[in-house]
Amino acid sequence: MKTTTNFVRRILLVIIAVLSSIFVFSQQLTQTVKGRIVDADTEIPLPGATVVILDTDPLLGASADAEGFFRIEKVPLGRYDIKISYMGFEPAIISEIVVGSGKEVVVNTGLKETLVQLNEVVVTAETDKKQPLNSMAIISSRQVNMEEARRFAGAFDDPARLVTSYAGVAAGNMNSNGIIVRGNAPKGVLWRLEGLEIANPSHFANLTTFGGGGISSLSAQMIDNSDFYTAAFPAEFGNALSGVFDLRLRSGNRDKREHTFQAGVTGIDLSSEGPYKKGKPATYLFNYRYSTFGLIKPLLPDNAGLITYQDFSFKTDFPTKKAGIFSLWGIGSTDHSGSRVEKEPNEWEYEEDRLNEDGQTSMGALGMTHKMILGSKTLINSSLAFSGSMLSSEGSKMDVDKVLYDNENIQNSTWNYSLSSYMNHKFSARHTNRTGFTVNLLNYDMVIREAMVFKEPMQTITDDQGNSELLQAYSQSRFDLNEKLTLNAGFHLQYFTLTEHYSIEPRLGLRYNFKPGQAISFGYGLHSRLEMLFVYLGQQQTESGIIRPNTHLDFSRAHHFVVGYDRAIGENMNFRAEAYYQCLFSIPVEPGTSFSLINVDNEWTINQTLTNDGTGENFGLDLTLERFMANGYYFVLTGSIFNSTYIGGDKVERDSHYNKNFVFNILGGKEWNVGRNQKNNAIGINGKFSINGGDRQTPVDEDLTYQFQEVVYDQTRAFSEQKPTVFYLHLTLNYRKNKTNHASIWSFQILNALGAPEYFGYRYNYQKDSIDRDEQTIVIPNISYKIVF
């Protein structure tokens, strides 16, 4: 803890030195705000749409050209709301837009056609920025804004860590970005990029938590505003059980080249964008990042070892005059972590002191998307992509004679070839339909071995390679029945050829705006998801040969029910409440035991015979009070109270592993414009305080633990203990210095500033012959400098 304090003190001294130079002479600086306005359903340009930057004097604005593009020059630096309107469409307000030097501001948005004639009623612009981009979304959905990922304390430029500030979402722990959505395991989250399912886009994915990793492989420089869903997803989303990230990559600047370089404690970041040729519409955008945590190794767990990672992502757009827009995009990442035995046998305190471990992970995706408008009412979007991931984990254990024995070997490679296409067709202002399909060709090559007894040869749990297919189709329609009532109904189909099981899933959403600024919503969906492929391929050795007992397993399934209430409180504040119930069924369990895949966190050695007889229940209440950024400050208050239980193969109802019971967040920040004259610069302070109920854990079988001198858990009392409540404080401090042609941004971020301990179960202490709680303190600071030019 002393090392942590000294490290943080040195960082704070650097920050004070930087802030001492804030108040200097400056001249008024301006920037260009531009973008494109389209129909939200068909993406057809809206020529003549009016764009106004509110609270400018004189009022600044522009009209969109024939292709929907607008451009407003000489906008003074600051933070603004932008109002967009077009005859026959509902106006919109895009809030909290930061205008700074070094990079032009691009605002692309879609407007929804209105049912109300303008001479009948005055249509009020939507000011609730939480509303998702997807026009089919009704409930349990929210827009993910990457400006918030940079600003919100605790987000660490990671969309997964960002959404833990939202109601219904809990963080797993400091060393993972895996998220618990309404009591469900992180492995139930679907990740989509540019409309296609991809492997978990996290560094060190699935090493510590299935469905999570260390930090996102996608830089905040690359991600455009996207959507996140927590329940009752629209029909276009399949193979998801707990939540959906529907991520989009932004396009490069079509008018000028811009660059970003960042260096910090955790590594370097380089990004560039612009037109391939000035005056031509084709654009590029790329980002490369290399990181090492070597500088903050003293603050990491003792067995963390040296952690390094790097990633590269890009997107290029090629608009044509008649054949639509072609986009080529990709992401790739590699990671390494490990540890070595460094102590003498007589100094070993815990089992990790005698382990050698090497972990390597990588993931990638490469895709092409084609978007084309047909006539005035139809949009066709098609994508073809390759994506995959690799995990290699090798472990050995040393005996007292310093001889290493292989303990575990996991080699898991999966890759997919995907084809997806959908058509949006607007039959009228009242009815829009989206129908599509996805074909995933799944390939795998995996070997999993483990030594059941120390010093004995490893046994094979899985050894297989091959391929299969996951086929999906869907159709959904949004009906605007009148100006107050909206209905979204559809269905999703999927079929898995390996197990020969299929799923037919109805979806329904209803929203009623019964008063100005107030609405009630209802959502229902039947959802299903494949387990990780190694679960189906586990093998057993019998007298007649090798068998694979789990190739018959069905999808894991769940019914989602949600009721919501939204209320706008003035222009800058919103209240939301959602009550939900989820009935999980067809969950793989081991007959006669407490085991259920509902609770699996990071267990690769699964080859026992499983059946789809398990069930589970999640129910709770999520509350959010949010004040959007205005007059230089904002805050978000969220509370989630929930209960999560399951029934395993022994037919006993228990708390699930992720039944925290409650999560409360207080998040907020303040910005000041500074500078001696024109106040072109800005400083911001942001904080987040979280109270998280503890996960559930299984008690130790003390007799067996002392007998074998390693922790043995009592599975007959599975998850009957609850870990202590955890109190987190995260802080972010930003200082932006704007110059004529560039901007410099200093940032200080710290996760777990209070040094709250985390609990990972129990450890056997060789020195004391005792059973100790596995308690570790993980503090992650980062100080960085970024230049935008």
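This report describes the overall fold, a charged surface patch and selected backbone features of a predicted model.

## Overall architecture

The protein contains five helices and 43 strands. Its radius of gyration is 27 Å, close to the 28 Å that the globule rule gives for 789 residues, so the protein is as compact as a globular protein of that length. The C-alpha trace spans about 80 × 60 × 50 Å along the principal axes. Of the 789 residues, 57% are buried.

## Positive surface patch

On the surface, a patch of positive charge is formed by Lys277, Lys280, Lys321 and Lys322. One of these residues, Lys322, is located in the loop that connects strand 18 (308-319) with strand 19 (325-339). Lys322 has a relative accessible area of 76%, and it counts as exposed because this value is over 50%.

## Backbone features in loops

The peptide bond between Asp57 and Pro58 is cis, with omega about 0°. Pro58 belongs to the loop between strand 2 (50-53) and strand 3 (60-63).

Positive phi values occur at two residues other than glycine, Ala232 and Asn752. For Ala232, phi is near 45°; this residue lies in the loop between strand 13 (226-229) and strand 14 (243-247). Ala232 is buried, because its relative accessibility of 9% is under the 20% limit. For Asn752, phi is near 65°, and the residue is placed in the loop between strand 40 (743-751) and strand 41 (757-765). Asn752 is likewise buried, with a relative accessible area of 0%.

Conventions: Residues are numbered from 1 along each chain as its sequence is written. This is a predicted model: local features need pLDDT of at least 70, side-chain atom pairs count only at pLDDT 80 or more; totals for chains, interfaces and linings use all residues. Side-chain values use heavy atoms; hydrogens and water are left out. Patches are made of residues with over 30% relative accessible area and no salt bridge: like charges are joined within 9 Å, nonpolar side chains (Val, Leu, Ile, Met, Phe, Trp, Tyr) within 5 Å. Accessible areas come from the Shrake-Rupley method with a 1.4 Å probe; for residues, only the protein chains shown count as cover. A salt bridge is a side-chain nitrogen of Lys or Arg within 4 Å of a carboxyl oxygen of Asp or Glu. Lys and Arg count as positive and Asp and Glu as negative; His and the chain ends are not counted. The place of a charge is taken as NZ of Lys, CZ of Arg, CG of Asp or CD of Glu. Helices (H or I, at least four residues) and strands (E, at least two) are DSSP runs, numbered from the N terminus. Buried means under 20% relative accessible area, exposed over 50%, partly exposed in between (1.4 Å probe, protein chains only). The radius of gyration is taken over C-alpha atoms; the globule rule is 2.2 Å times the number of residues to the power 0.38.
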